[in-house]
Amino acid sequence: MASRKTSSENKKTKAINMDEILELLHEHAETGFIHTTYQDETKRFRYLINGDKRAITDAVNIMEPTIQGTLSKDPLRNMRYLFIVNTGLATRYLIEAGIPQETVYSISDIYIQKADVAKSIDEIRELNKEVWTIFVETVREHKKENQYSRHILECLNYIDSHFNEKITLELLAEKVNLNPSYLATLFRKETGNTLGTYLMNIRIKASQALLTRTDYSYSQIAYSMGFCSQSHFTAAFRKISGLTPKEYRVKYYNKSISISLPSSD
């Protein structure tokens with residue numbers, strides 16, 4: 001005897017048909033609504049990849065359902081969707097502009113997470129202005145410092161993703177198919193630092209964020225950043241920041257954004 005299908009199995013998602021599309025087109029024609037043009041979007045993202053602050057103004061203005069359309073009947077959810085779409089598009093342009101992708105994705109992820117828990121439309125509007133300001137400043141800083149070659153950009157992308165692991169010049173040279181000696185020279189020329197110094201600076205910056213935003217113990221942070229011991233971490237941290245990890249935490253710890261975890265120290 002054939003088993004009876006459940007109601008959930010009987011309910012199949014139907015693809016939209018042409019009638020639904022025509023109905024929406026008619027609704028837009030009746031209200032005079034027209035989506036922002038491709039040319040306008042291109043102009044906004046061209047501003048972005050050039051570090052032009054007009055991108056921020058355009059990004060603020062674009063966060064209007066009357067310009068971009070309705071993605072949800074719920075106003076707050078609709079604004080959240082618009083934020084995610086625009087932030088996602090911006091990340092692609094930034095990567096194409098030569099910004100290391102993990103840096104871009106990290107900024108994007110943080111702000112999308114903030115938008116996900118935002119309680120009001122105004123809060124999302126502020127997040128939108130804030131993230132585009134950071135995007136533009138990131139481009140401006142990048143342009144001011146360097147235009148990286150393809151090989152060095154590949155190295156920086158790898159370092160961004162693996163800075164807490166053991167990274168050697170030989171490993172990077174193999175990945176970008178260059179002679180280690182030549183890569184060392186090229187890396188220093190384009191970044192202004194040796195690989196060791198650059199990597200150490202990245203690890204200390206990440207450590208500073210953990211010290212101010214979490215309750216991770218000093219040993220947890222040390223080992224998570226790839227240091228062989230807590231004493232080595234402390235010495236390196238003091239050399240770069242001028243403070244010990246404990247002094248830095250006491251001075252800059254932010255209780256309002258910290259993540260509490262059991263401390264082993």
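**Figure 1. Lys53 in a loop of the predicted model.** Lys53 counts as partly exposed because its relative accessibility is 47%, where buried means under 20% relative accessible area, exposed over 50% and partly exposed in between, with a 1.4 Å probe and protein chains only. Lys53 lies in the loop between helix H3 (38–49) and helix H4 (54–62); helices (H or I, at least four residues) and strands (E, at least two) are DSSP runs, numbered from the N terminus. Leaving aside neighbours within four places in sequence, Lys53 is in contact with Val136, Glu137 and Arg140, contact meaning heavy atoms within 4.5 Å. The C-alpha atoms of Lys53 and Phe135, which are 82 residues apart along the chain, are separated by 9.9 Å.

This is a predicted model, in which local features need pLDDT of at least 70 and side-chain atom pairs count only at pLDDT 80 or more, while totals for chains, interfaces and linings use all residues. Residues are numbered from 1 along each chain as its sequence is written, and side-chain values use heavy atoms, with hydrogens and water left out.

**Figure 2. The crossing of helix H12 and helix H15.** The axes of H12 (residues 195–213) and H15 (residues 245–252) come within 8 Å and cross at roughly 55 degrees, the axes being lines fitted to C-alpha atoms, for helices over the stretch in contact, and the angles running from 0 to 180 degrees between N-to-C directions. H12 and H15 are therefore oblique to each other, since angles under 35 degrees count as roughly parallel, over 145 as roughly antiparallel, 65 to 115 as roughly perpendicular and the rest as oblique. On the H12 side the contact is made by Gln208, Leu210, Leu211 and Thr212, and on the H15 side by Pro245, Tyr248, Arg249 and Tyr252.

Figure 3. The buried residues of H15 are Pro245, Tyr248 and Arg249. These residues cover an arc of only 100 degrees around the axis, which puts them on the same side of H15; the arc is that of the directions from the helix axis to the C-beta atoms. Among the elements that cover the buried residues of H15 are H12, helix H13 (218–224) and helix H14 (230–241). Turned away from the buried side, the other face of H15 carries the exposed residues Lys246, Val250 and Lys251.

**Figure 4. The protein chain as the setting of these views.** The protein chain has 15 helices and zero strands, and buried residues make up 35% of its 265 residues.
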